[in-house]
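This report covers salt bridges, surface patches and overall dimensions. The structure is shown first.

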Amino acid sequence: MIKPIQLARKIYHYIKMRIYLNETIILFQHQRHTDQKSPATVVEANKDNIGDVLSFQDERYVKTFNRFLDIGDKGYFAYLNGKCVHRSWVKHKPQNVFLHPLLSISLNYNEAFIHYCETAPDARGKNIYPHVLSRIAADFKNYSRILISVNKKNTPSIKGVKKAGFVELESYKIIVIFGIRYVKVNRL
């Protein structure tokens with residue numbers, strides 16, 4: 001059951017995205033492998049360890065991640081001192097993927113898209129994110145493209161993505177004013 005505060009946030013977010021929005025999303029492509037190290041251990045997510053995310057996520061994520069596994073996404077968890085502190089997911093079949101709730105692109109055969117990444121606040125600054133991205137890039141090295149998108153305002157994530165060997169491919173300026181959406185693509 002959704003708590004009243006969560007419902008209020010969802011309603012606010014829904015209205016905000018339809019009245020006024022001005023964001024830039026950067027799409028990155030993996031270009032070169034950089035072997036990243038951290039004190040964390042990276043493992044693939046599966047039905048047996050999916051509940052480990054409860055160490056830094058709430059219960060609803062277990063259902064979401066089980067659904068990801070059911071549709072064929074590949075998950076990665078990072079553990080620090082035996083506790084799950086990071087999650088990243090990869091879509092790797094032809095489909096539409098969302099760079100932003102209001103922006104999707106087509107993922108083609110032999111392309112991978114990294115999404116739904118987060119590191120627990122108390123584990124940040126330990127090179128865990130670049131370490132996980134480096135592992136993903138190694139696992140999907142035979143794919144023609146490995147992509148990831150980041151909001152331009154998320155400086156720490158951009159640093160981690162670049163550190164793991166990704167380069168900017170294009171950016172998308174998304175503007176919404178009273179329900180009218182405008183997207184400008186800038187190929188880099």
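## Salt bridge between E168 and K162

E168 pairs with K162 in a salt bridge, their closest N and O atoms lying 3.5 Å apart. A salt bridge here is a side-chain nitrogen of Lys or Arg within 4 Å of a carboxyl oxygen of Asp or Glu. E168 has a relative accessible area of 33% and is partly exposed; K162, at 39% relative accessibility, is also partly exposed. Buried stands for under 20% relative accessible area, exposed for over 50%, and partly exposed for what lies in between (1.4 Å probe, protein chains only).

The model is predicted: local features need pLDDT of at least 70 and side-chain atom pairs count only at pLDDT 80 or more, while totals for chains, interfaces and linings use all residues. Residues are numbered from 1 along each chain as its sequence is written, and side-chain values use heavy atoms, with hydrogens and water left out.

## Other salt bridges

The side chains of E170 and R187 form a salt bridge with an N to O distance of 2.6 Å. E170 belongs to strand β9 (residues 166-177) and R187 to strand β10 (residues 180-187), so this pair ties together parts that are 17 residues apart in sequence. Helices (H or I, at least four residues) and strands (E, at least two) are DSSP runs, numbered from the N terminus. E170 counts as buried at 12% relative accessibility, whereas R187 counts as exposed at 60%.

In total, the structure holds twelve salt bridges. One of them joins the side chains of D73 and K91 at 3.1 Å, N to O. D73 sits in the loop between α2 (60-70) and β3 (74-80), and K91 in strand β4 (residues 83-91), so the pair connects parts that are 18 residues apart in sequence. D73 and K91 are both buried. Salt bridges also link E44, K74, R135 and D139 in a network.

## Surface patches

Patches consist of residues with over 30% relative accessible area and no salt bridge; like charges are joined within 9 Å, and nonpolar side chains (Val, Leu, Ile, Met, Phe, Trp, Tyr) within 5 Å. Accessible areas come from the Shrake-Rupley method with a 1.4 Å probe, and for residues only the protein chains shown count as cover.

A nonpolar surface patch is made up of L7, I11, Y14, I15, I19, Y20, I177 and F178, which together have about 830 Å² of accessible area. Helix α1 (residues 4-19) gives the most to this patch, with five residues. I11 is found in helix α1 and is partly exposed, at 45% relative accessibility.

K16, K152, K153 and K173 form a positive surface patch. Lys and Arg count as positive and Asp and Glu as negative, while His and the chain ends are not counted. The place of a charge is taken as NZ of Lys, CZ of Arg, CG of Asp or CD of Glu. K152 lies in the loop between β8 (145-151) and α4 (155-163). With a relative accessible area of 53%, K152 is exposed.

## Fold and dimensions

The chain has four helices and ten strands. From the N terminus on, the order of elements is α-β-β-α-β-β-β-β-β-α-β-α-β-β.

Along the principal axes, the C-alpha atoms fill a box of roughly 45 × 45 × 30 Å. Of the 188 residues, 46% count as buried.
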